[in-house]
Amino acid sequence: MSVLLLLISALVLIYLGIGGTTAATVLVIATVVGLFQDGWHILSILFGGGLLALSLVLVLPGDLRREKFSAPLLNWVRGRLPKLSDTEAEALRSGTVDWDGELFSGQPKWSKLLDAKPAHLSSEEQAFLDGPVEKLCGMLDDWKITHEEYDLPNKVWKFIRENGFFGLMIPKEQGGKGFSHTAHSEIVMKISTRSVSAAVTVMVPNSLGPGELLMEYGTDAQKEHYLPRLAGGEEIPCFALTSPVAGSDAGAIPDKGIVCKGQWNGEEVLGLKVTWNKRYITLAPVATLIGLAIKVYDPDKLLGDSDDIGVTCVMVPQDLEGVHSGARHLPMNTVFMNGPTWGNDVFIPMDQVIGGQDMLGKGWKMLLECLSIGRSISLPALGTGAGKVASMATGSYALTREQFGRSISQFEGVQEALEPIAGYTYMMDAARLLTSGMLDRGVRPSVPSAVLKYRNTDLMRTVINHAMDVVAGRGVITGPRNFLARAYQAVPIGITVEGANILTRSLMVFGQGAIRCHPFIVEEIEAAGMDDKKAAVEKFDGIFYRHIAHTTRNALRSFVLALSGGLLETVPRQGKIQSSYRQLARFSAAFALMTDVTLLTVGGGLKARQRLSGRMADCLVHLYYASAVIKQWHEEGYPEDQRPLVEWCLQTSLRDLKTSMRNLIINFPVPLLRWPLRVLVFPLGATGLNGPDDALGTEVAASIVNDTPLRQRISRGSYINTDPDDPLGRVLNAYRLANETKDMRDRLHEALRNRDEDELGGIDLLMGHQRKELVDWACEQGVVQKDECDKLLEALEALYDVIRVDAFEADGLKALSRCAKGKRKVVERPPRDEE
């Protein structure tokens, strides 16, 4: 018993974060004292002897421990750690760790989250949003763009160029706007609420391509020449990474550059003979400067002893002989410029290597760091924009659409669909702002960028599907009146591009994060890969035992916090959400424990265990998004009207987190560990945390139906107009009129319920077309005042107009077909493109 009590004392020291050596020393003393006090009983000897052996390892002199224990352990660990390819090793060295590292630690410091500088717009950035961005949105007619022109109008292209939309991130001294990442996100999001095609056109030059790579890695001469031209729209860039035979496996690209000498501007210079075949490249059909990711080879040893130099980023002017582009893909009826580009043996000088000759072979690191920025901004902004449009439009439509004599927003079935539209939109926006704030602080969030891309595009799909359910037949008829069709069609694009979601979830989020964000694994991998055995053992010895203490502490924290409901955890009191903080701390500890157990038992087989890594990714997603909601509410001063949304988001995240963790343990690939893990993570069973109840769901659904500041907060950053001839404006105009005439319409409905059909003078209420006659009758009967009649008629006309859909005569459809054919051209096909 004494041994057990003193063992508990040592474990308490570990739980409290006291050093592992100190705890081990206590354990040695505890064991010896306990053995004497227990009279050397056989059970005490067996139990205490094991503890004594374990603890002595930790307190032995360094040289002896390294020789007898650490060296053999290192050999064993080498066989357990994941084996990394060159591209994976490069990925681990790219980017930086921020709040994601806190979640992986199992002991998140909430002050680090709350005190971090938030996403913020300068007055200049806000003025750009209120001015040029607003004006651009007003110029866009999405139906004409996608069904008649199959392109942005010339005046829109001109406006984008002349107003610096292609140079948002380029420094002012080089002709750009010099905006923050938050501003970039806000601009793309706002444009996307008007036209996905226009938003993609603006975002790509600013999020991935020669411009960003040049800013980070370009030579002074390259920056001086290209950046002003890119910022002013004289050059239109694209960046080509994806090949027909290497989509998700970008490290396997077959496109190549051979080091050789060739002619450039009349002189013989050293350069590359480049051959490539790329597809799905946004802006390729109109690009004047093509960025390429290729593999460089030096068979003639012109640069050194190695003939395989590696992945390199180069720039190819479109007007060079042998460069082919201009053909177009049509991504799901969104018409942003996208297509293949290819070339055979096109010579470029070394000056066209981004960063110059010194950057040969360093392209993968360049791409990874820039991809982490682009994925943090572009698609997450589109997903959030879609959520904001769905919230505005669907909430407005639900209020104005009447069935069975009342607004459909009052039906619980409709509220059940409106609830996640509002909640997930708030959640997407919070995660978007948390991550853009990181970027503005100089963080290069490789793991959060994957989390955000995967989750925001997935939530976009969920939100738009719910919106389509509410709008129903009004949403499935194609035509200029449809305000959801383009967002619905764009969903698979967001899911697929910049790392398909299946790949991102099952391989990238946890596969990269488990190692990149872990406090010890990276150093252990480095130790395992060292050629100097003595140095490797010394490095490993200084890490491994701290790693053991870290894992032990998280196991204890997971168990104790689960038993106590997190009451032993010190958490912030702001917002009165202590229970959510405690549960998040509990699951962060459980997540850190599961990370270590997974790496220890599965190790190098993790790539093949994609269900396992996918469920671990889901756990991280829910931890991250709950944190983002807390951060956003904190930055806005904890307004009480947002509490229902915040509580809904936190309860939903915790429910989904519990479910993901439970499924992870139930299906853990080492069956013998399932029961111990269940005891540590769910000692009382996977109970509680059932998500929002119906009452809270009803409040959240109402947040996008009722005309309140909260509804405006959810749609903040969207393009808003109430033009009755505009697809979205038609709904918002009807919503405005419905709210302004609610009292009149209530009186009218009451009067109708209390009148016989004969008293209506032949007005057929079932037809719904005799609105003028109905208003005239109401005025004659004194149901409404004479000065209210015109307003009431305007409202009834608008409410009816909202439910109308487009219809085309056969000749009209043929005309559209002829228009589309007129925009098509026969183009040369890439010789190796199987499409």
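Tutor: Two strands pair if DSSP finds at least two bridges between them. The model here is predicted.

Student: How do you know that strand 2 and strand 4 pair?

Tutor: Strand 2 and strand 4 (residues 289-297) share 3 bridges. The cut-off is at least two, so they count as a pair. Their sense is parallel, and in strand 4 tyrosine 297 is the bridge partner of isoleucine 258.

Student: What makes strand 2 and strand 3 a pair?

Tutor: Strand 2 (residues 256-264) and strand 3 (residues 267-282) are joined by 9 bridges. At least two are needed, so these strands pair as well. They run antiparallel, and glycine 257 stands opposite valine 274 in strand 3. Their hairpin has 2 residues between the strands, and asparagine 265 takes a positive phi near 55° there.

Student: How many residues in the lining of the second largest cavity are charged, and what makes them so?

Tutor: That lining has 3 charged residues, along with 4 nonpolar and no polar ones. Asp98, Lys112 and Arg441 are in the lining; Asp, Lys and Arg count as charged, so these residues fall in that class. The second largest cavity holds about 40 Å³ of space.

Technical notes: Residues are numbered from 1 along each chain as its sequence is written. This is a predicted model: local features need pLDDT of at least 70, side-chain atom pairs count only at pLDDT 80 or more; totals for chains, interfaces and linings use all residues. Side-chain values use heavy atoms; hydrogens and water are left out. On a 1 Å grid over the protein atoms alone, a cavity is a set of points where a 1.4 Å probe fits but cannot get out, and a pocket is an open set with protein on both sides within 12 Å along at least five of seven lines; lining residues have an atom within 4 Å of a point. Grid points are joined across faces, edges and corners, and a volume is the space filled by probe spheres set on the points. Helices (H or I, at least four residues) and strands (E, at least two) are DSSP runs, numbered from the N terminus.
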